[in-house]
Amino acid sequence: MKVDVLVAEIGSTTTVVNAFFGIHTDSPKFIGQGQAPTTVFEGGDVRNGLKGAIDDLAKNLGVNSIDYNDFFATSSAAGGLKMTVHGLVYDMTAKAAKEAALGAGAVIHKVTAGKLRRTDLKEIKDISPNIILIAGGVDYGERDTAIYNAELIAGLNLGIPVIYAGNIENIEEIKLIFEDTNYKLYIVDNVYPKIDYLNIEPTRCVIQNVFEEHITNAPGMEHIKELVNGYITPTPGAVMEASKLLRKNIGDLMVIDVGGATTDIHSVTEGNDGISRILVNPEPIAKRSVEGDLGVYVNMRNIVNTIGKEKLQEELIDIDLDEIIENYLPIPKTKEQITLVERLTKEAVLRATKRHAGIIRSIYSTSGKNKVAEGKDLTEVRYIVGTGGALTRLPNRVEIMKEIPKNNKNKELLFPKETVKILVDNKYIMASLGVLSKKYEDAALKLMLKSLNFKEEASCIRD
């Protein structure tokens, strides 16, 4: 059987392959899915996992083999895209650089502000990042810190890509520093070119391109390019691409993915004009946050302890909490197991949203009491989209997401309003559609709206 496009989502434990047909028509279709263990730890060769997923897809479709015109991939295997980020002042350049890296789908292992120290350099070597991002100084402002940091990083001889996204005046100096080293240098526009202005999209784009170009350097990923003839994107970066495409067509939104190890939130919104006038520091339009302690499988016990085991048992009086925890499964099967996972998912959703969203605070000065806003403003979000295993499969997934605006009783948190609408990525294909949109944007949008069961009138969809 021949399909138009295959998209493989290569995770650390599972590889999923999604098949699409009719990409060049007005009615593209998602026709099936296959999955298999990634096998990233079996000699570092992901080809076995990909072959297994494709074989499973063929079995599910009732055919002997699968052929295709395009084959794209997203990947978070081998620990994802590891990055370290180094800026000047945390609330300015370091934060801007971090937002760019996260939005591209990177896993940030270290962020520094100011001049690097010997302990920082040791930690960078121990992390063994896939990419290093250096920023610092507004254009035509402070120069020395970025140059100092670049010289120290060059001396580590890590032989990985380095992106410079700092003061424009440093460009020639940075080129000279890395000229005779084993690094590949990428120069991009300053992430923080002037006070209170973030310019993270150019850096985000370069990070994704660097990931694809240098993917063979990541452990366990050296064979991907042999298997695909199209784009390779970090999985979280693909979800961000899908989120931005959706926002362009239906309005401001946030996307929540509760996974086994982390809870990721992507929001795409400019926020409210009134809030922006009292915002202490600028925020990106497209923002991603990763909560590494809020996974409902790997970090199950952490969430249980966060709620409080006794309190949790009081809430879930009809289940034997100790027994379920002792025999906890990655995918719940019984009613009691599902009940516990739903409660943990609710906790992960609410805590991750609180960390992602901003807050309004009162400050006192000689002129009296004033209000300021800090963090991301979600008050103009029209849709909350659930993706990932938990929020696409649990029976009460919609009710869980409806709890978000209710948990803002004092109206101090910059949460979505109670009029927000809940959508679910029912086919669990958002990441695949994000990478698909790079070549087939119209088809990706149509497929996304189908997966979300988006029923609003055509007048609600933007041109």
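Is aspartate 55 buried, exposed or partly exposed?

What we have here is a predicted model, where local features need pLDDT of at least 70, side-chain atom pairs count only at pLDDT 80 or more, and totals for chains, interfaces and linings use all residues. Residues are numbered from 1 along each chain as its sequence is written, and side-chain values use heavy atoms, with hydrogens and water left out.

Now, back to aspartate 55. With a relative accessible area of 41%, aspartate 55 is partly exposed. On our scale, buried is under 20% relative accessible area, exposed is over 50%, and partly exposed is in between, using a 1.4 Å probe and protein chains only. Its partner is lysine 51, and the two form a salt bridge with the closest N and O atoms 2.9 Å apart. By salt bridge I mean a side-chain nitrogen of Lys or Arg within 4 Å of a carboxyl oxygen of Asp or Glu. Lysine 51 is exposed, at 52%. Both residues sit in helix H1 (residues 47-61), 4 residues apart, which is about one turn of the helix. Helices here are DSSP runs of H or I, at least four residues long, numbered from the N terminus.

The structure holds 26 salt bridges, so let me pick out a few others.

In helix H8 (residues 235-250), lysine 244 and glutamate 241 are 3 residues apart, again about one turn. Their side chains meet in a salt bridge at 3.6 Å, N to O, and lysine 244 is partly exposed, at 22%.

Next, lysine 287 and glutamate 283, bridged at 3.2 Å, N to O. Are these two buried or exposed? Lysine 287 counts as buried at 9%, and glutamate 283 is buried too, at 18%.

There is also a network of salt bridges linking Lys311, Glu315, Arg343, Glu347 and Arg351.

Helix H10 (residues 300-307) packs against helix H13 (residues 335-356) at about 75°, with axes 10 Å apart. The axes are lines fitted to C-alpha atoms over the stretch in contact, and angles run from 0 to 180 degrees between N-to-C directions. The two helices are therefore roughly perpendicular, a label for 65 to 115 degrees. In the contact (heavy atoms within 4.5 Å), H13 brings Arg343, Leu344, Glu347, Ala348 and Arg351, while H10 brings Met300, Ile303, Val304, Thr306 and Ile307.

How values were computed:
Parallel < 35°, antiparallel > 145°, perpendicular 65-115°, else oblique.
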